[in-house]
Amino acid sequence: MKDYSLNYDDSKKFILSYKIENGKIVAKLASGESYTVPYSEENENKIILLSDAGNGKTEECKYITNILNEKKENFAFYNKLSVYHGEKLEELIPKEYKEVCIDNLIFVLDGFDEIAIEYRRMFVINLEAFCNNYKNVKIILTSRNNFYNLKNKNQNGTIEGFNEYILECIKKENINELLQRNGIDEKIFWKEIGKCELSHLVYNPFFLIKIIEIYNSENKLPNKTTIFDNIINRSLEVDKNKFKNANDLDDFEKNVKHLLGIVAITMEFLERNYLTEEEYKELISDVKERKIIEYTSIWKKQDKEHWGF
């Protein structure tokens, strides 16, 4: 009996740019056509889903894993590739599924673009070798568009043997549906979006959710130059209130941005989006300072050995 499910934000389900129906994925081809891919069809069981940052790939991967596992013959599992460091594909299989035939597994591998640059080529080599050894294995891989070369008549894609799909962008009717759910007047909202010059952000699901949260609480929006600070400050304020009775949070607001800045610059320099436990403790050596940064919802322990945003 399977016991494998993931938490995902159900409020983002309306953003789905493809549907899972009877074990098939309906997505949009790079050419712009809609297409249905049966998982069982030869050469159609390895796909890469591409989109821009913040379009909801992670939430959809978790959702798709849960939906696939509703069918007893499927054994789908989710793996966040940001902490990949050279493992063979077999090593990514969770212990719950170690005895399952590989042909019955569905790998949902999220974030090819998030793999540290020194391991990215190794991942491609290991993935292609694994697919050659197990012709019927089913794999869903995600990546940001700008980290992946699409195949054309002159060249293969970044990963050989994978069919390429682009996640459809969110549409205005999707946004209006969410506005209705939140009791927001559409005309007034869109007028505010235009006035604050936020049209470039509102079609990104990550920012859309944040924009609606701000609008719901303040009945107005910050402009394009202040919205990023607003989002960060609101998140930190929630964190501060959540732990307001803790006695080790003196100067929380003063110190936390400085500490987060140190971490962000370090990861940028390392060209990856995580720190190992050892690197993190070496960088932020003061235990009290680590406690401050760990109170934030922005900085999280991703697994036993890695930290990231």
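## Burial and the predicted model

A residue counts as buried when its relative accessible area is under 20%, as exposed when that value is over 50%, and as partly exposed in between. The structure described here is a predicted model. Glu277 has a relative accessibility of 16%, and Glu277 therefore counts as buried, because the cut-off for burial is under 20%.

Glu277 forms a salt bridge through its side chain with Lys281, at 3.3 Å from N to O. Both residues belong to helix 9, which covers residues 277–283, and they are four residues apart, about one turn of the helix. Lys281 is partly exposed, with a relative accessible area of 40%.

Salt bridges that share partners also join three residues, Lys80, Asp110 and Glu114, into one network. The count of salt bridges in the model comes to seven.

A salt bridge of 3.3 Å, N to O, joins the side chains of Arg144 and Asp113. Arg144 is located in strand 7 (residues 138–144), while Asp113 is located in the loop between strand 6 (105–110) and helix 2 (117–133), so the pair ties together parts that are 31 residues apart in sequence. Arg144 is partly exposed at a relative accessible area of 33%, whereas Asp113 is buried at 7%.

Lys224 and Glu197 form a further salt bridge, in which the closest N and O atoms are 3.5 Å apart. This pair links distant parts of the chain, 27 residues apart: Lys224 is in the loop between helix 6 (205–218) and helix 7 (227–242), and Glu197 is in the loop between helix 4 (186–195) and helix 5 (199–202). Lys224 is partly exposed, with 38% relative accessibility, and Glu197 is also partly exposed, with 46%.

## The surroundings of strand 7

Strand 7, which contains Arg144, is mostly covered, with six of its seven residues buried. Strand 7 pairs with strand 4 (residues 46–51) in the parallel sense over six bridges. Within strand 7, Thr142 stands opposite Leu49.

Strand 7 also pairs with strand 6 in the parallel sense, over four bridges. Here Phe107 has Ile139 of strand 7 as its bridge partner.

Notes: Residues numbered from 1 in each chain as written. Predicted model: local features only at pLDDT ≥ 70, side-chain atom pairs only at ≥ 80, totals over all residues. Heavy atoms only, no water. Salt bridge = Lys/Arg side-chain N within 4 Å of Asp/Glu carboxyl O. Helix = DSSP H or I, 4+ residues; strand = E, 2+ residues; numbered from the N terminus. Buried < 20%, exposed > 50% of the residue type's maximum accessible area, 1.4 Å probe, protein only. Pairing = 2+ DSSP bridges.
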